[in-house]
Amino acid sequence: MRRAIGLAARALGATSPNPVVGCVVTDASGHRVGEGYHRRAGGPHAEVHALREAGVLARGGTAYVTLEPCDHTGRTGPCSQALIEAGISRVVYAVGDPNPQATGGADTLRAAGVEVEKGLLEAEAEAVNIAWLSSVRNGRPFVRWKYAATLDGRTAAADGTSRWITSPEARADVHRLRAEADAVLAGGGTLRADDPHLAVRGVEGPTQPLRVVLDARAEIPPTARALDDAAPTLVVVGEDADARHLPDAELLRLPLRDGRIGVRDLLDALHARGVRSVLLEGGPTLAGSFVAAGAVDQVVGYLAPVLLGDGPQALAGAGIGTIAEALRLDITETVRIGPDLRITATPKGA
């Protein structure tokens, strides 16, 4: 199963709106004879790849799958039926499928006389597929907020300079996060101040994420680096914004709420486009609006061994007025990245 989880992780960022899934098939004697993973939406599922590699050796064998085999016909056929037709006698899957359109594979397999077990390495399989699972359960994209700061919580110096707070190793790790996301989101203020590119670099064979620029008044200049052709870009503006200076940009117009584009409106629109995971790279105000809306599912902070004393903080305007209202987090991972520390955390109770 752990091998299947590793296979699934290879396709992070490439399968939406589908999940990442890995599968390993062993023969009747327990020897590995086939493996595969879902590579892209519309392509063969993990079980199909593994069964093709196993061939006749799959008969009487066991399939280890990271997600409950699907039981519906979409652009591909049901994996439950493929496993039955291949003669698999036992299926072990890690996580149940929460998608009401696809669930039921385990029941179909049992009805056909296949032995079915659930829950092997469930936490590990859930972690690799957390974006898709969360999007299905919550009905909106999974949001991972990424920020880089000094040990005293500053994201830039008092004069606004911020290149570079963190190390080259940490910045390279951010490109990995981008490659795993369906969309990378930044606000117009960040683009005007820093002119970030927001595309993936230094990662082998990535599927470039959709770059989403949130700019209510369409003030982004047409020369912004995020508008080049390195990756697709969506500029989200208010309904009445004058965007005539952006004739070549793809625009999404949304209503303004108190002068701002609503977080929920934005996430609903992105979800309708098939976006299942968002990497939030905006400044403190944009991050604060997502926290205030209860729309941050995971926090990834890169902390550099640097002190500044003054300058903007990582988070602002989150609607937290007292310590009793603080958003408490569970730290799920701490890793050294070069000289820096990467901390991953999720809201308590999430």
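Biologist: What order do the strands of the open sheet have?

Modeller: The open sheet has 9 strands in the order 10-9-8-7-13-6-14-16-15, with mixed pairing. Strands are DSSP runs of E, at least two residues, and helices are runs of H or I, at least four, numbered from the N terminus. Two strands pair if DSSP finds at least two bridges between them. This is a predicted model: local features need pLDDT of at least 70, side-chain atom pairs count only at pLDDT 80 or more, and totals for chains, interfaces and linings use all residues. Residues are numbered from 1 along each chain as its sequence is written, and side-chain values use heavy atoms, without hydrogens and water.

Biologist: Which strands stand at the edges?

Modeller: Strand 10 (250–254) and strand 15 (329–337) do. Each has a single partner strand, so one side of each lacks a neighbour in the sheet.

Biologist: In which sense do strand 6 and strand 14 pair?

Modeller: Strand 6 (residues 142–150) and strand 14 (residues 298–304) are parallel, over 7 bridges. Tyr147 has Gly301 in strand 14 as its bridge partner.

Biologist: Which strands does helix 10 touch?

Modeller: Contact means heavy atoms within 4.5 Å. Helix 10 (residues 284–292) packs on the sheet and touches strand 6, strand 7, strand 8 (210–214) and strand 13.

Biologist: How many residues lie between strand 1 and strand 2 in their hairpin?

Modeller: The hairpin has 5 residues between the strands, and Gly30 in the turn has a positive phi of about 90°. Strand 1 (residues 22–26) and strand 2 run antiparallel, joined by 5 bridges. Cys23 has Gly36 in strand 2 as its bridge partner.

Notes
Axes fitted to C-alpha atoms, helices over the stretch in contact; angles between N-to-C directions.
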